Structures are given as C-alpha cells and as structure tokens.
Amino acid sequence: MADQQKIHPVPDVEAPPETSPTAPLVPLDTSKSDTGNPVEQHPLNSQSHGPSPVTHSTAPKKRRSCCCRCMCWTLSLLLLLIVILGIIVGILFLVFRPKLPKYSIDGLRVTQFDLSSVNSSLSASFDVNITARNPNKRIGIYYDGGSHITVWYNETQLCEGALPKFYQGHRNTTVLVLPMTGQVQNGTVLLTALQQQQQMTGNIPLMLRAKQTVRVKLGSLKLMKMKFRIRCRLVVNALSANNAIRISSSSCSFRLRL
C-alpha cells in the first residue's frame, strides 16, 4: 500500500512574522556614549555651559543716524538761505544798479598858520571845499552825525573837523565848506620840515582822511548803518595864512565797511 501522504502546513513567506513592539534601545533625550552607556541630554544652561552668545545693541547706531540726519538738514537749510540771499541781492543789483559815490577836494584856504611864541605850538585853521557826488538813480544817502575828518602832513596831524548831517538825493552833487582847526605841539620842527619840503620840490603833499557813518536808502527802504572811509591825497604849492593856496593834484579813494 502506498505510503500515506503527509500534509504539512507551509508558512507564508511573503507575510512578515508578527512581532510585538519593542522599546527603543536608547531612551529619548539621551545619547549613547562610546562606552555604550546612555548619557542624558539636559537643556543648555547659560550658567553651567560657557558664555552666552553676545548680543549687540542698536541704540548707538540709531543715535549716530539721527545726528547725521540733523547735520544734513542744517547744512541744507544754510545752503538754501545762502541761495535765497544771493537771489535777493542779485535782484536788487539789477533793479537799482548801485554805484559808489565820488568825492573830490576842490579848494583849500588857510585862515591861520601861526607859531606861538609862548610854547612853540603851531595853530592851524583850514577851510576845505569838498564835493560829494551821488551818481545813483534810485539810491539816496543819509550822512549821519559822528564823522571825523583830519588833515595830515606825513605823520603829523595838522587839523580836524566833521561833516554836517544831511541827506543826499538821487543824482545829486553837494559842495561842502568844512572849517577845520588844530594845534601842533612842536611847531618849530614842523615849520622847518615844511620849508625844506617846499624848497626841495616846490610843493607840499597833504593827506585828508575821513570816517563817516551813512545809511543807504533803496527806494523807500532804509538799510542798516555803514561806514565810509575816504582818503584824499592832494599837493599844494604852500601853507601860509591869507595867501592863495593852489592845489596841484588831488585824488580820493573810497572804502565801504559794514
């Protein structure tokens, strides 16, 4: 009789064997050391694990940027003011066409030039004819008080006087006769020098210096006070009282100071 066939169950190869879930070999939040022992990982602590990261504050940068902006705004405003002022000055120059006044010395009369026998002082009195010309069409000049005019020979002051207070209108020519008086202490030395100068050259050089405070009027607008400085060089034939004094040459320079 044929051998009885035995039937054995065949396991399913494709289906993986059912296994129960196992715990992880290394617990969470731990790491395995080289010796195989798990080491627990603790959160970083700034007090136990070295210095904390450096944090940079932005406050100084903000302050510097604010200062830079303020400086830029200030410089921009100053530049704008300069540009506006330049435009105004340019417009005024084009409208009024300002010109400098002109001065000249047209006459000189010596009323006194005597040497005192008491103290050897020299007394001098001059009458000086000064012509002031204002060539401007729309600009007037106010001559305020406080002027000072002196006449010099080399470094010796002979006499002094002052301009009167007056207003000079547009395109006006004003002739002034200014009385001037003075006294020189060492008159003998001065007379000797004048005689030698006249014998050598035939004339005597003089210098007239004037300081005058004025106010310029543009249309109906009065500007701030300014100072005129005038220097006139003149050459005369002699300096003696009650004689006709002839002016050989005369030239005046003018300066304006605020």
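These legends go with close-up views of a predicted model. Residues are numbered from 1 along each chain as its sequence is written. Local features need pLDDT of at least 70 and side-chain atom pairs pLDDT 80 or more, while totals for chains, interfaces and linings use all residues.

**View 1. The fold has two helices and twelve strands.** Helices (H or I, at least four residues) and strands (E, at least two) are DSSP runs, numbered from the N terminus. Of the 258 residues, 26% are buried (under 20% relative accessible area, 1.4 Å probe, protein chains only).

**View 2. The largest cavity holds about 80 Å³ of space.** A cavity here is a set of points on a 1 Å grid over the protein atoms alone where a 1.4 Å probe fits but cannot get out; lining residues have an atom within 4 Å of a point. The volume is the space filled by probe spheres set on the points, which are joined across faces, edges and corners. Strand 4 (122–134), strand 10 (204–218) and strand 11 (221–236) each give two or more residues to the lining. Among the lining residues are Tyr 103, Phe 166 and Cys 232. The lining has twelve nonpolar residues, no polar and no charged.

**View 3. The second largest cavity has a volume of about 50 Å³.** Its lining includes Ile 105, Gly 107, Phe 126 and Leu 234. Strand 3 gives the largest share, three residues. This lining splits into eight nonpolar residues, one polar and no charged; Gly counts as polar, and Ile, Phe and Leu as nonpolar.

Conventions:
Heavy atoms only, no water. Buried < 20%, exposed > 50% of the residue type's maximum accessible area, 1.4 Å probe, protein only. 1 Å grid on protein atoms, 1.4 Å probe; cavity = no way out; pocket = protein on both sides within 12 Å on 5 of 7 lines; lining within 4 Å.
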